[in-house]
Structure formats: C-alpha cells, structure tokens
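Please read it alongside the sequence and coordinates shown here.

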There are 2 protein chains.
Amino acid sequence: MISLAETVLRGDRLALGRVLTLVENDTADGRAALEVLFPHTGQAHLVGVTGAPGTGKSSLVNRLALQFRTQNKRVAVVAVDPSSPFTGGALLGDRVRMKDLSGDTGVFIRSMASRGSIGGLAQATASMVQIFDAAGYEIIMIETVGAGQSEVDIARLAHTTLVVEAPGLGDDIQAIKAGILEIADIIVVNKADRPGVENTEKALKSMLELAHPAPRVFSHHGGTIPPTARGGSASPGEGQGAGKTDTNIWIPPVQRTIATDGTGIAELAQQIVKHGEYLRLSGDWTVRERARLESELEAALRSALMNQFHARVPEEQFGRVVDQVLERSMSPSEAVRALLNGRPK
Amino acid sequence: MISLAETVLRGDRLALGRVLTLVENDTADGRAALEVLFPHTGQAHLVGVTGAPGTGKSSLVNRLALQFRTQNKRVAVVAVDPSSPFTGGALLGDRVRMKDLSGDTGVFIRSMASRGSIGGLAQATASMVQIFDAAGYEIIMIETVGAGQSEVDIARLAHTTLVVEAPGLGDDIQAIKAGILEIADIIVVNKADRPGVENTEKALKSMLELAHPAPRVFSHHGGTIPPTARGGSASPGEGQGAGKTDTNIWIPPVQRTIATDGTGIAELAQQIVKHGEYLRLSGDWTVRERARLESELEAALRSALMNQFHARVPEEQFGRVVDQVLERSMSPSEAVRALLNGRPK
C-alpha cells in the first residue's frame, strides 16, 4: 500500500481518489497510507466555510475555487454534508458543483455523507484534509452546514474560517449569528443583490462589535493568547502589543458577494490570502496548527482507548451490563466502574 | 448530598434546580446525586423536538407544554441551545418562554448553552433528562436546533422525535429535510397560516414516501428491527408481521400547527401520546430505551477511559508528543501508539 501513497505524492488523481475512499472507510490500508503521507502535510492553507442553509455556501465555494485557479493554486474541497444522517445525500451536490470545474486537474472535490457518529465525521474530515495537503493542494476548503455545534467544531479546525450569511433569512437566525460570529475570521454577506443587504450588513457589524469589543490580540480559541513563534517562546510582554498593530490584530472584515455572478469573489479570495499572511506574521498559524493537531490526537486516542476496551471486554458482557442498567439495578456510573475494573488488563 | 437528591424525589423545585446545576457543571456532588436518582428513572416520555432556525420550534414547545398541562401532566423542557458556542445565548430564550408558563409548578424549563465539546453536550443533556425523569416529570421535551449532526443525534435519543418545518424557508433546506425526515416520528408543519403551506406539506409527504417506501415494521435506528418484548426475545417471524399492522407499523403523520394561536396543538399532543402507546405495544419502547442507555454508557466509558489516560500520562509528556507531531517527526498514529504503550499502567 506504500506504493499507492507514493503515487498520490506524485500527483496521481486516481490514486488520490482511492486513498480518500480507503481512509473514509477507515481501512487498515487507508491508515497505512495516511502514515506515509503525514510527513508531507503542513503546507496547505485550510479554509473553513460555514453558514446556515440558504446562504449559498456551495456556490460560493465553487466560485472561490475558480478564483484560486486563476492564480494557479491547486484547490481541494471537502464538503461535509450532514443533510442526510443515514443516506448519502452528497452525490447530487457533487454533480452540480463539478459542472464548472470538471476537467480541471488542479481541483479536487470530495463530498462526505455524514456518519452515524459525530466524532467519526470530524476524524474523517481531518484525515481527508491531510491527504489533500500531502498531495500538494495549496488551498483546502472545508464546507460545513453551520448552525450545528459539530459543524462549528469542524470549521474551527481551519486556519481561516469564513462565516457566510445572506439577507432575508429571518430574525430567528440572529441568535445563531451572534454565536457563530465569534469563530469568523471573515464574514461573507452572500446574495448581496437581495433586498435588505444593508440591514444584514449593519446587523452583522454591530454584532461583530459586540463579539470583538475592542481591537485586541486575536486568537482563534477564545482567549487572548500571545503570539508564539514556531518552536520558541517569543511571547512579547503586554506592553509591546500596542506597537505591533499590523501583525497582531485581525478584525474580521465583512465582504459582500454575489456567488452566482462572481461579484466580490476576487476581493474575498484576497482577504483569505491576507488572513493567511496575518496568521504567519503573528505566529497564530502555529498556534492554530497546534490546536488542530492536539484535537486530532485526542480524538484518535479516544478511538484507540475504546478499541482497547472492546478488545478486552466481550460483547456479551457489555450487553449484560446494559441489561442491568435498563432494569435500573445498576446506575450508568456503577456500570462504567464494573466494566473498567471487572477485568483488569 | 444524598439528602439533596432525596429532596428532589420529594418534588422540591429549588433542590431540582440545584442538582441540575451541579450535574451540568459535572461536579462530584452532581454525579453522586445522579447515582441516587437513577433507579427512579424510566417513567418519562422523552420527546425530541428538532428543526431548522425559523420554524418556530420554541413557540411550539411552549404551546405543547401548556397543552400537556391541561391534561395535568408534569412537563420539563431541556432546550439545547447551540446558538452560541462560547457565550451563554440561552438566557433570553428562557425569559421569553417562561412568560406563559411562569408560576406553574408543573413545568420546569432548563436551557443549556452549548459546551466546547459535542460529547459533553450530549452527555449533559442525557443527565438532565434523567434528573427530570426521576423528579417525576412525565413529558420531557428536548429542543434542539436541527440541521446539525450533533443535534440530530441528541434528538434521536428521545422516544418520540418531532421534526418541525415551516413554509417559505427556501429550497436549499430541502436536502436537509430529506435526511432529517428519516428520524421523524411526527412531522410538524408549523406557521401553517403562511402562504405555501400546501406546497410544503406536499413536498414533505412525497419525501416521506421516499424515506418510508412502503409500510414496514418501524424502528428508530434505521434498520428493521423486530419488536422485542422487555427482557425477552419474543421476536415474531417475518410472516407474522403482516397480521400485526395495528401495533407494528408507524407511519409518521404530518401535522399542521400555528404555535402562535394554538391551532393544531391539541391534535399534535394527541399524536405524541398515540406514538408513545404504539411504542409500548410494539415493544419499540424498550428497543429505544436500550439504544439510548447503551449510547449513554459508551459516552461515559469514553470519558472515563480518557480520564484514566490523563491521570496516567503527564500533561508535559503529552505536550512533547504534540510538538513532535507538529514538527512532522511523528505521525498521529505513531503518537497514539507512543502514548498508549510508552507508560504501561
């Protein structure tokens, strides 16, 4: 299987598709390929694109891909599609989107139907991204349907997170916006030819002020982490922050677009590149990279620990314990204790 | 702390609120209280209410609570609010909703702001539900903002899942509907006074036919599980199914409502009760109960295993491994192997 991974590194699309499938199905061959590919990761700019249904995210991603292609950048799209928890609802989306991009070998689009478990989805997405990264795709867009916590979590793993809004989606969504804005590096008001765009933009800007009350050293993960240089501990004292406004502060811009005719797309692509530069200059690139890998590692650990557990405790023993919980003769905590201590390794 | 849990069992609202907080904050006292309360659970009818923003779910839940109160049933509402991943966006919703229900000691509403991790949210919700169940609340509604996988997962844990739709929310949402419909036991078309309600209903019904091509033995978890009696293995042969149409088949009804004026609410409440009766007669009640407890147990196991791991592996050792992954000198799988085997217990 090592040869398949090496074929991916040489730029073979067919091999890439096969490895993606092997990894998505969580096969041993897929894991082996990932191992070979991992040292080649860490080059791509990961761009999360999230927003409620109806904002036109998919068209926007499509246009952005075309835009980055004009700059000769290789673009991959991972569309995380939770629209169908059980059936594969992702196929149609693929076909619709491929239309403008088909035949272009610099673009690779992969839709993922949602899996039963959320953890599985996040882990599979992370692996897909690693494969594209190793295969030399420079921009990797991860498209998720916003509003859900899991999708927000997936989008947060990107270097740059775009939150897409659109005019006329109703007031109930405002509450959602307030929360999701906090993870936005760039806010996109798509469908900007619709009536009400001024109001939407105004509302977003005032919510943004609430979310970012004053210019501050920006960090992706809520707190105000001082910029850290790669591998070092070059965190400036608090007093120094003020003099470094150019590299240390990022105030999320609000960008109008009309994905259907391309308006604002070039500007948006520029904002994305600019944010990438800001991340590298400020040291936040490494901070986010580290947070992402740490979170991937935690997820992999959880799976491994659970696998060890299931290898240790026979299925029927587990079933008997569930029976006792169902009969209320044992509480869930007692059950956990019994399962963990009952058969020491 | 045992006395606090006992006070909850005696119906003390103040104690209930305190235990809910202790459990939501995942304190030792909270866990101890849960242990005392768990044997008293298993009586409540858990009703999941999910749907996209803008469908009027909260008003619907409010109205349903009032309706069940006219039948003298004690009602609890757990509103899982992912609108703000970082700040508590749940407070306003509480106040808006409490208006009609305040002063009624037969109703308890609890909003949960989303936590960092999805697993944490699902686990906290499950614990909240157990406390309300033990405290004697007969109907427990779990309200989640649909569209996200995690929210769908939370809603699936209920006995009866309501999927709420509304006319005029745009075509992009159709894809979502197709997926979410598969988990619906009852479909609600709220805001039925809006133009386009006939089209919405027609679209839902045809999607429903796609999701449930022919009347079949219904099960909540995708497959066609034969009805199982509590504790027994009374699964009838396939041939017998046809003769049991009354108890073995549930075709999700589509119910129009106008939550703002109460139209259709009595009928909806009746459908919920009817679905509960169907579950008990068919044996699916136990099937779902078992699936729910099994999934809770798995989640608790994952946490416990992770806690054991962190107790075993010092934070700085973990940090050093993350560093090596960040430098690409170690792959995530190698890191997991190193962390799990490096220091055997």
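In chain A, residues 24 or more positions apart account for 73% of the contacts with a separation of 6 or more, two residues being in contact if their C-beta atoms, placed from the backbone, lie within 7 Å. This is a predicted model, in which local features need pLDDT of at least 70 and side-chain atom pairs count only at pLDDT 80 or more, whereas totals for chains, interfaces and linings use all residues. Residues are numbered from 1 along each chain as its sequence is written, while chains are lettered from A and ligands numbered from 1 in the order in which they are written.

**Overall organisation and confidence**

- Chain A has 14 helices and seven strands, where helices (H or I, at least four residues) and strands (E, at least two) are DSSP runs numbered from the N terminus.
- Of the 345 residues of chain A, 44% count as buried; a residue is buried if 20 or more other C-beta atoms lie within 10 Å of its own, exposed if 12 or fewer, and partly exposed in between, with C-beta atoms placed from the backbone.
- The mean pLDDT of chain A is 78, with 71% of its residues reaching 70 or more; pLDDT is the predictor's confidence in each residue, from 0 to 100.
- The pLDDT stays under 50 over residues 215–245 of chain A, a stretch for which the model has 39 contacts beyond four places in sequence.
- For the complex, the predictor gives an ipTM of 0.77 and a pTM of 0.73.

- S1(A) runs parallel to strand S5 (residues 160–165) of chain A, to which five bridges join it, and the bridge partner of Val47(A) in S5(A) is Thr160(A); two strands pair if DSSP finds at least two bridges between them.
- Ala52(A), in the loop between S1 and helix H4 (57–70) of chain A, is buried because 28 other C-beta atoms lie within 10 Å.
- In chain B, strand S6 (residues 186–189) is joined in parallel to strand S5 (residues 160–165) by four bridges, and S6(B) also pairs in the parallel sense with strand S7 (residues 254–256) over three bridges.
- Val189(B) of S6(B) is the bridge partner of Glu165(B) and also stands opposite Arg256(B) in S7(B).

**Helix packing**

- H4(A) and H11(A) pack at an angle of about 75°, with their axes 9 Å apart, and are therefore roughly perpendicular to each other; axes are lines fitted to C-alpha atoms, for helices over the stretch in contact, and angles run from 0 to 180 degrees between N-to-C directions.
- Angles under 35 degrees count as roughly parallel, over 145 as roughly antiparallel, 65 to 115 as roughly perpendicular and the rest as oblique.
- Between the chains, helix H12 (residues 284–312) of chain A packs against helix H12 (residues 284–312) of chain B at about 105°, with axes 9 Å apart.
- Leu301, Arg302, Leu305, Met306 and Phe309 of chain A in H12(A) meet Leu301(B), Arg302(B), Leu305(B), Met306(B) and Phe309(B) in H12(B).
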